[in-house]
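Keep the 3D view open while you read.

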Amino acid sequence: MSDRKAMQEDVFKILLLGGGNACKAGKTSLRLRFIYNTFSTKIFNTVGVEFGQKVLSFEDDQAKQHTARLQMWDIAGSQSKNYLTKIYYTESTAAVIVFDITQPSSLLEDAKAWLTDLKAKLKLAVPVILLANKVDLNPSFQITEEDREKINQWCQDNKLSWFAVSAAQDQGEGDSVTVAEAFTILSSEVVRWQSTLHV
Ligand SMILES: Nc1nc2c(ncn2[C@@H]2O[C@H](COP(=O)(O)OP(=O)(O)OP(=O)(O)O)[C@@H](O)[C@H]2O)c(=O)[nH]1
Ligand SMILES: [Mg+2]
């Protein structure tokens, strides 16, 4: 491969999904943390969709270096099941489903609905990861064994990985990862996925 090809910048269109009318998962906060390394409690509800992008350099499983422009499509939580989101999903590369770790029931009520909706609207399957956000509000990560088992089971059934994060503190302590680490994990999953499709 030439140096030019090796330095080529890929573009990954990443959907940020999750939450609902009753529960705000923190998608916009994760986007702002990732792109600008900031956090504010004074942000507005997303109306429709918001965009942001960041160039990320990362290593894949084979320790090969990649550079990708992550275009984040941050969809309003209240849009779940809205037929309009189909337009936003076109040609997406990957998706992140976010739920609020302080309300594990939001995984069952909201995240499941988002994944079902995503699968129904996409022509081709894409890599998806699940992020349990707001772990700063539950620092010792004390969710009941029953809830943890439910999350693990749902992820296993749907072949996706889940990680705990905090847009607010972003320390990546204990069992959690930083927001940048989560997007790096997703990006290497995209590379692995695309290599199986010979893209
Ligand atoms: N403590 C804490 N609060 C958070 C965290 N992430 C988001 N929040 C708060 O949760 C609320 C909702 O965050 P948003 O980022 O607007 O959530 P959203 O998923 O984009 O919401 P919609 O756009 O309405 O779908 C805000 O008050 C945030 O400050 C976090 O990691 N920790
Ligand atoms: Mg938002």
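Two strands count as paired if DSSP finds at least two bridges between them. Helices (H or I, at least four residues) and strands (E, at least two) are DSSP runs, numbered from the N terminus. This is a predicted model, in which local features need pLDDT of at least 70 and side-chain atom pairs count only at pLDDT 80 or more, while totals for chains, interfaces and linings use all residues. Residues are numbered from 1 along each chain as its sequence is written, and chains are lettered from A and ligands numbered from 1 in the order in which they are written.

Let's begin with the sheet. Strand E1 (residues 9-18) runs parallel to strand E3 (residues 65-75), with eight bridges joining them. E2 and E3 make a hairpin with five residues between them, and Ala 63 in the turn has a positive phi of about 65 degrees. E1 pairs with strand E4 (residues 94-100) as well, and Gly 18 is bridged to Val 98 in E4. In general, side chains in a regular strand alternate between the two faces of the sheet.

| Strand pair | Sense | Bridges |
|---|---|---|
| E1 and E3 | parallel | eight bridges |
| E1 and E4 | parallel | five bridges |

Zooming out, the protein chain has six helices and six strands, and from the N terminus they run α-β-α-β-β-α-β-α-β-α-β-α. The C-alpha trace spans about 50 × 40 × 35 Å along its principal axes. How does the radius of gyration stand against that of a compact globule? The chain has 16 Å, which agrees with the value near 16 Å for a compact globule of 199 residues; the radius is taken over C-alpha atoms, and the globule rule is 2.2 Å times the number of residues to the power 0.38.

As for burial, a residue is buried if 20 or more other C-beta atoms (placed from the backbone) lie within 10 Å of its own, exposed if 12 or fewer, and partly exposed in between. On that count, 34% of the 199 residues are buried.

Now two helices. The expected span is 1.5 Å times one less than the number of residues. Helix H6 (residues 179-197) reaches 27 Å from its first C-alpha to its last, close to the 27 Å expected, and its buried residues include Phe 183, Leu 186 and Val 190. An α-helix has 3.6 residues a turn, so residues three or four places apart point the same way. Helix H5 (residues 145-157) is hardly covered, with one buried residue among its 13. Just after H5, Lys 159 takes a positive phi of about 55 degrees.

Trp 162, in strand E6 (residues 161-164), counts as partly exposed because it has 17 C-beta neighbours inside 10 Å.

Finally, the ligand: 20 residues surround ligand 1, each with its C-beta atom, placed from the backbone, within 6 Å of it. The closest are Gly 26, Thr 28, Thr 46, Gly 77 and Ala 168. Helix H2 (residues 27-36) gives the largest share of this shell, three residues.
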